Amino acid sequence: MATPIPVQILDGGMGTTLEDMHDITFSFETPLWSSHLLVSGEEDKLSSCHEAFKQAGANIISTATYQISINGFAATKVPKSGALDVQREGIEKEDIPRFLSRAVVLAANAAGTEGKVALSLGPYGATMIPSTEYSGRYDPEHQHVQALEKWHKERLDLFRDVNPKQVNYIAFETVPRLDEIVAIRNLLSVDNIPTSLRGRPVWISSPYPNDDGKLPDGSTVEEVVKAVLTHREGLETPWGIGINCTKVEKLDSLVKRYEDAIQTCIKNGERMAWPSLVLYPDGTKGEVYNTATKTWELSPGHKQTEAPWETALANVVEAARQRGNWKSIVVGGCCKASPEHIRRLRRTLQDYGHMSTSPAA
C-alpha cells in the first residue's frame, strides 16, 4: 500500500481577519497593510491574530510581511506612541530589518515548538497603490524580468537579521505574472538568498481570478509549471507549487491541470520532479475585492457552490491525495478565510478518518 500523502494546515487571511475581527482599518495611508501594526504599537493584535489561527488548528503560521517594501516603509507615518516612540514621516531602509525580525518572532511565538513559520512575500503588485496582484498590471519600470529580480532581491536582503531557527518556509505568494515567477526563480541560489534564509523550502503560488484558467497576465498553467519546477543548474527548485487568492470552486480543475502539466513534462523528459502542493483559496462566497473601493463585491451572475467552503476544499485535497502524485499537501485559506474557516477545515479533513494532518518536511 502506498504511503499516505501528509497534509499540513496553513493559516488564513491575516489582513482581512484583522479588519473583520480586530477592528483594524487599512487604507492608502497604511501601505504596509498588516505589517503596519509592527510600527504602530499594535503588536498585540498581530499576536492575537496569529494565536487564533494556531488555536484553530493551523500547523503553519504566516508572517505579517506580505506587503512590505522599501517604498511602503518610506510612505508609512509612524505615530509617537508607535514602535519608534517618535512621530515620523516614513521609515528609513536601515530601520526596516528590525521590524521584519519582529514579525518573524511574533509568528514563531504563536506557532510554538510543534508548529512552523512561513515567511510571507507578496508580489511586486501587492505593494502598488492600488494593489495589482489580481490584474498583473505593473508600472513601466517593472515590466521585465531584470527589474522584478532586482526588486525581489532588495526586499529579500531586508530579512538578513531574522533568526534562521524561526523560519521554516519561504512563501512567494499571489504571483500574477510569468516574468515575475522567472525573476523569483533566478534568485533561488546561495549567492542571492540571505544567510538567515538559506536552505529553507520555497513555494511559489499564483492567483487565478478570471474564468479563463490563466494567470492575470494570460500565462497558462503549463507555462507556470515549467517556470516554477523545471530544473535549472545552480538554482534551487521550489519545494512547492500552489494556488492562492482564488475561488474555491476553481481549485479542482486547476489542480488537475497542474497534475497533467507535470506528468506531460516528466513524460517528455524534462528535468522535473513532483513537488508539494499548496492550496489556500479565498474564504469568500463569490465576492471579489475591488482595489479601488477597498470593498468586497459579488461578481454579476456568480453562482455559489452548494458545498460549504471547508467541504469543497477538503474534497479537492482528498481527491489529490487519492491520485497519489504530490509529495505532500499544504492547505489553508487566503482573503476572508478566518480562524473559524480553518477550524472547520481541519475538522472536515479529520472526518475522513484516514487523513493524516501531521507535519511534513
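## Exposed Asp 23

Asp 23 counts as exposed because its relative accessibility is 70% (exposed means over 50% relative accessible area, buried under 20%, and partly exposed in between, with a 1.4 Å probe and protein chains only). This residue is found in the loop between α1 (14–21) and α2 (36–39); helices (H or I, at least four residues) and strands (E, at least two) are DSSP runs, numbered from the N terminus. Asp 23 is not a glycine, yet has a positive phi of about 60°.

The model is predicted: local features need pLDDT of at least 70, side-chain atom pairs count only at pLDDT 80 or more, and totals for chains, interfaces and linings use all residues. Residues are numbered from 1 along each chain as its sequence is written, and side-chain values use heavy atoms, with hydrogens and water left out.

## Other backbone features in loops

Most residues other than glycine have a negative phi, and most peptide bonds are trans. Thr 174 has a positive phi, near 55°, and lies in the loop between β6 and α7. Thr 174 is buried, because its relative accessible area is 1%.

The peptide bond from Ile 129 to Pro 130 is cis, with omega near -5°. Pro 130 belongs to the loop between β5 and α6.

All five residues of strand β8 (residues 240–244) are buried. In a regular strand the side chains alternate between the two faces of the sheet. Here Gly 240, Gly 242 and Asn 244 are on one side, Ile 241 and Ile 243 are on the other, and both faces are covered.

β8 runs parallel to strand β7 (residues 202–206), to which four bridges join it; two strands pair if DSSP finds at least two bridges between them. Ser 205 has Gly 242 of β8 as its bridge partner. Between β7 and β8 the chain passes through helix α8 (residues 221–229) in a right-handed β-α-β crossover (with the strands pointing away from the viewer, the path from the first strand over the helix to the second runs clockwise). Strand β9 (residues 276–280) also pairs with β8 in the parallel sense, over five bridges, and Val 278 in β9 stands opposite Gly 242. With helix α9 (residues 251–267), β8 and β9 make a right-handed β-α-β unit.

## Helix α6

Helix α6 (residues 145–157) has 13 residues and should span 18 Å at 1.5 Å a residue, which agrees with its end C-alpha atoms being 18 Å apart; the expected span is 1.5 Å times one less than the number of residues.

Ala 147, Leu 148, Trp 151, His 152, Arg 155 and Leu 156 are buried in α6. The buried residues of α6 pack against β5 (116–121), β6 (169–172) and α7 (178–186), where contact means heavy atoms within 4.5 Å.
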